[in-house]
Amino acid sequence: MLLRRLLSLAAATAVGAAALTGAAAPAQAAACSSTSGVTVVVQSSNGTSVRCASGDPGSAWGALQSAGFSLTAVQRFPDALCRIDGFPKSDPCVNMPPASAYWSFWHAPNGGSWTYSQIGIKGWDPKPGSSVGFRFGSGTAPGTQPATVSAPKPTTAAPRPTTAAPKPTPRRATTAPNTPRSTTQAPSGRTTAPPATSGAAGATRAPNAAPGTTPTPGAASPTASPTPSTPSSASPSATGEPSASASESSSDAVAAGPTDGRSSDGSGGSGTARLLGGGALLAGLASAVAFVGLRRRQAQTSV
Amino acid sequence: MAGPLTPPLPRAVHPAAWWLWAIGLAVAVSTVTNPFLLLTALSVAALVVLSRRGSSPWARSFRLYLWLGGFIVGVRAVLHVLVGLKFGEPVILPLPEVSLPSWAAGINLLGDVRLDGLVGALTEGLRLAVMIACIGAANSLANPKRLLRSLPGALSEIGSAVVVTISVAPQLAESVQRVMRARALRGDTARGIRAVPRVALPVLEDTLDRSLMLASAMDSRGYGRRREVAPGRRALTAACTLGGLLASAVGTYGVLDATTPGWMGLPVLAAGVALSLLGIWLGGAANARTTYRPDPWRAAEWLTVGCGAAAAVAVQLVRRSDAAALGVPLDPLGVPALPLLALAGLLVAALPAFLTPEPPPPAPRSVARPRPVATEVHP
C-alpha cells in the first residue's frame with residue numbers, strides 16, 4: 001500500500017484550471033492527436049481533464065508539467081506527488097497522503113489499457129504516443145480510456161502538419177520560451193486554422209479524441225470541443241491569442257519550475273538567521289548538558 | 001535549587017512519572033524530522049538524565065541507547081545508499097546504478113547519492129534515534145523494580161515473575177564465578193571449550209537449587225496466596241479482561257485503518273481500555289497484598305508528567321497550524337524552520353532537571369552491591 005501511495009502523484013483541479021488557462025493551451029486541450037506527444041489524463045472529484053504534453057517528456061512528472069499542471073510534492077518524500085493544481089487543499093503535503101485519498105499513477109501504451117504504475121512518477125519515462133493517468137482517490141483507474149493515436153500523420157490539411165511537426169520535437173520547450181516566439185505561434189496557428197471553420201476543427205479532432213475518450217460520461221459528450229470534459233470549454237475558440245498566452249504561461253511554468261525552486265531557497269537572509277539561531281540554541285543546550293554532567297560527577301566523587 | 005520553595009529532600013521520583021514524561025517527549029518527536037527540534041529534544045533528555053538519574057546499575061544505560069541511536073542513523077544512511085530513493089540536486093557520491101527486473105520494479109540498487117535524499121534519510125534516522133533515546137532516558141531514570149512494585153494488584157503476580165526473571169542474569173554470572181573459583185582452588189585449571197561441561201553442570205545444579213530456595217522463600221512470605229472469590233465475580237473479571245483486550249485490539253485497528261467505519265476507531269478503543277481497567281480493578285480485589293513503603297505521588301510527579309505532556313501538546317499544536325515547520329524542506333534543500341512554540345514546549349520538558357527533588361545519594365559500597373534474593377533465604 002505504501003508503495004502504491006509512494007508511486008502516486010497528483011493531478012487535479014482540472015476543471016477550474018482548464019477553464020481558465022489550460023484549456024486554451026495549444027493542441028493540448030485534448031488527447032494527443034499523434035504519437036508525437038504524451039496524453040495526460042487527470043481525474044478527480046472536480047472533473048476530468050485530458051491534455052497533451054507535446055514532445056517526449058523525460059518523466060511522468062515532466063509530462064504533467066508540460067501539459068500545464070502545477071504540482072506539489074510531498075515534503076518528506078519529494079518524489080511523491082501530493083497536489084495537482086492545488087487539489088486536494090486539505091492535505092498538508094508533509095507526510096505521505098493516506099491510502100484513501102491520493103493521486104494514483106497509471107500508464108498505458110498507445111491503444112492499451114491502464115496499468116497501475118510500479119515505478120514512481122519521476123522514474124517513469126513515458127514513450128511518445130502513450131498515456132499517463134492520474135486519479136484522485138483510493139487507487140482506482142482513471143475513468144477515461146487511454147488515448148489511441150496513430151503515427152504523426154494528422155488528419156488536418158497536409159501542409160499544416162509539416163509546420164506543426166517541428167514543434168513536438170522541441171522537447172526542450174524549456175529553452176525555447178522566449179526566442180522562437182514564432183514557433184510557439186506555429187502550433188497555435190495549427191489550432192487557429194480551424195477557428196475559421198471551427199466545426200471542422202472539431203471534426204478533424206473527433207477521430208482522435210472520440211475513440212480515446214469514449215466511455216466516460218463527462219468526456220464523451222461534447223466531442224466537438226477539444227476539452228471534452230468541460231462544457232465550459234470556451235476553449236474551442238482557442239484562437240490565436242488565448243492559445244499563445246496559454247502556451248507561454250505553460251512553457252514559462254516549465255522553465256521556471258526547476259530554476260526558481262533553487263533560487264528561492266537561496267534567499268539566504270532568514271535562512272542563515274535561522275541556522276545561527278538554531279545553532280546557538282543547540283550549542284547552549286549542549287553546554288548545559290556538559291555542565292550538569294561535570295558537576296554531577298564531581299559531586300559523586302566528593303561523596 | 002531553582003525551586004521557589006525550600007529545596008526538597010532527596011528522594012526518587014516515582015518511576016511511572018518518568019515513564020510518562022519520556023513517553024510525552026517521544027510522542028512529541030514522533031512526527032518531527034526538523035533537526036533543530038530533534039537535537040533539542042535529545043539535549044533535553046540528556047540534561048534530565050544527567051541531573052536526575054540514580055546510582056543503580058541501569059542508570060548508566062543511557063549511553064547505550066545513544067550508541068544504539070547512532071547505529072540506527074548509520075544503518076539508515078547505508079540503506080539509503082543501497083536501495084534508497086535518491087532525489088535532489090548535488091551528486092555527492094557517484095555510483096553505478098543497478099535496475100532490478102520488472103517483478104521488483106521501482107527499486108534501484110546503488111545509484112548516485114544526492115545531497116537532498118541523503119539529508120532526508122539522515123533526518124528520518126535521527127527521528128527514530130531520538131525516540132529511542134527518550135525511552136533510554138526513562139530506563140535510566142526509573143528503577144524498574146520499583147515500577148513493578150507499583151503495578152496494580154491484579155498484575156502483581158506478573159510483576160513478581162518479571163522481577164524473578166530479570167534477576168536471573170546477575171545470579172547466573174555469580175554462579176559461574178563461584179564455580180570457577182572452587183575449581184581453581186582444587187587445582188583444576190582447564191580452560192576453553194573443554195572446561196564448559198565441567199562448569200555447566202555445577203552452574204545448572206546451583207541454579208536449580210537457588211530456584212527452589214527462592215520458591216520456598218516466596219511461599220513462606222505469602223506470595224501466590226489468593227482470597228476466596230465468588231465464581232460469578234471471577235467470571236466477570238475474566239469477561240472484562242478478555243473483552244477489554246479484544247475491544248482494544250479492534251479499536252486500535254480501527255484507529256489506524258482509515259477505511260473502517262468511524263465507530264470502530266476511538267469509541268471501541270476507549271470502551272476496550274475502560275473494560276480492561278475494570279477487569280484489573282476487579283482482579284485486584286482478589287489479591288490480598290499490602291505494599292511496604294509505597295512510592296509517593298506528589299507535586300514533583302505531577303510536574304514531571306505535565307512537562308512531558310506540554311512538549312507533546314506544543315508540537316501537536318504546531319503540527320495542526322504549520323505542519324511544514326516540523327520537517328526539512330527537501331525538494332529544494334533549505335534551512336529548516338524554527339517553530340518557537342514547539343521549541344518552547346521541548347524546553348519546558350527540561351524543567352524536571354531542576355525542579356524535582358534530587359535522587360538519593362549512592363549508598364555506601366558494602367550495601368550498594370546488589371545481593372541475590374535467594375542468598376538471604378535459608379530453608
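How many salt bridges does the structure hold over all chains? The structure, which is a predicted model, holds eight salt bridges over all chains. Side chains of opposite charge can pair when their charged atoms come close.

## Overall make-up of chain B

Chain B contains 14 helices and four strands. It has 379 residues, of which 36% count as buried. The chain exposes about 21,600 Å², and carbon and sulfur atoms supply 69% of that area. When contacts in chain B between residues at least 6 apart in sequence are considered, 78% of them join residues at least 24 apart.

Val229(B) lies in the loop between helix H8 (196–220) and helix H9 (231–256) of chain B. From C-alpha to C-alpha, Val229(B) and Gly283(B) are 9.6 Å apart in space, while 54 residues separate them in sequence. If neighbours within four places in sequence are left aside, Val229(B) is in contact with Arg234(B) and Ala286(B).

## Salt bridges

| Residue | Partner | N to O distance |
|---|---|---|
| Glu301(B) | Arg11(B) | 3.0 Å |
| Glu174(B) | Arg210(B) | 3.6 Å |
| Asp206(B) | Arg178(B) | 2.8 Å |
| Arg76(A) | Glu124(B) | 3.1 Å |

In the pair formed by Glu301(B) and Arg11(B), the closest N and O atoms are 3.0 Å apart.

The side chains of Asp206(B) and Arg178(B) meet in a salt bridge of 2.8 Å, N to O. This pair also links distant parts of the chain: Asp206(B) is in helix H8 of chain B and Arg178(B) in helix H7 of chain B, 28 residues apart. With a relative accessible area of 15%, Asp206(B) is buried; Arg178(B), with 43%, is partly exposed. The residues Glu174(B), Arg178(B), Asp206(B) and Arg210(B) are linked in a network of salt bridges.

The size of an interface is often given as the accessible area lost when the parts come together. Chain B and chain A bury about 3,000 Å² between them, with 66% of this area on carbon and sulfur atoms. Within chain B, the residues that lose the most area to chain A are Leu47(B), Leu50(B) and Val335(B), which together account for 17% of what that side buries. In terms of contacts, 40 residues of chain B meet 31 residues of chain A.

Between chain B and chain A, the count is one salt bridge, in which the side chains of Arg76(A) and Glu124(B) meet. The count of residue pairs in polar contact between these chains, both residues at pLDDT 80 or more, is six. Helix H2 (35–52), helix H4 (115–141) and helix H12 (340–348) of chain B each supply at least two residues of the side that touches chain A. The largest share of that side, nine residues, comes from H2(B).

## A nonpolar surface patch

Chain B also carries a nonpolar surface patch of about 860 Å², whose residues include Leu68(B), Phe71(B), Val98(B), Leu100(B) and Ile107(B). Which helix supplies the largest share of the nonpolar patch? Helix H3 (residues 62–83) of chain B does, with seven residues.

Leu100(B), one of the patch residues, is found in the loop between strand E2 (97–99) and strand E3 (108–110) of chain B. Leu100(B) counts as partly exposed because its relative accessibility is 30%.

Note on methods: Residues are numbered from 1 along each chain as its sequence is written. Chains are lettered from A and ligands numbered from 1 in the order in which they are written. This is a predicted model: local features need pLDDT of at least 70, side-chain atom pairs count only at pLDDT 80 or more; totals for chains, interfaces and linings use all residues. Side-chain values use heavy atoms; hydrogens and water are left out. Patches are made of residues with over 30% relative accessible area and no salt bridge: like charges are joined within 9 Å, nonpolar side chains (Val, Leu, Ile, Met, Phe, Trp, Tyr) within 5 Å. Accessible areas come from the Shrake-Rupley method with a 1.4 Å probe; for residues, only the protein chains shown count as cover. A salt bridge is a side-chain nitrogen of Lys or Arg within 4 Å of a carboxyl oxygen of Asp or Glu. Buried means under 20% relative accessible area, exposed over 50%, partly exposed in between (1.4 Å probe, protein chains only). Contact means heavy atoms within 4.5 Å. Buried area is the accessible area (1.4 Å probe) that two parts lose on being put together, summed over both. A polar contact is a pair of N or O atoms within 3.5 Å; within protein, one must be able to donate a hydrogen and the other to accept it, and residues adjacent in sequence count only if both atoms are side-chain atoms.
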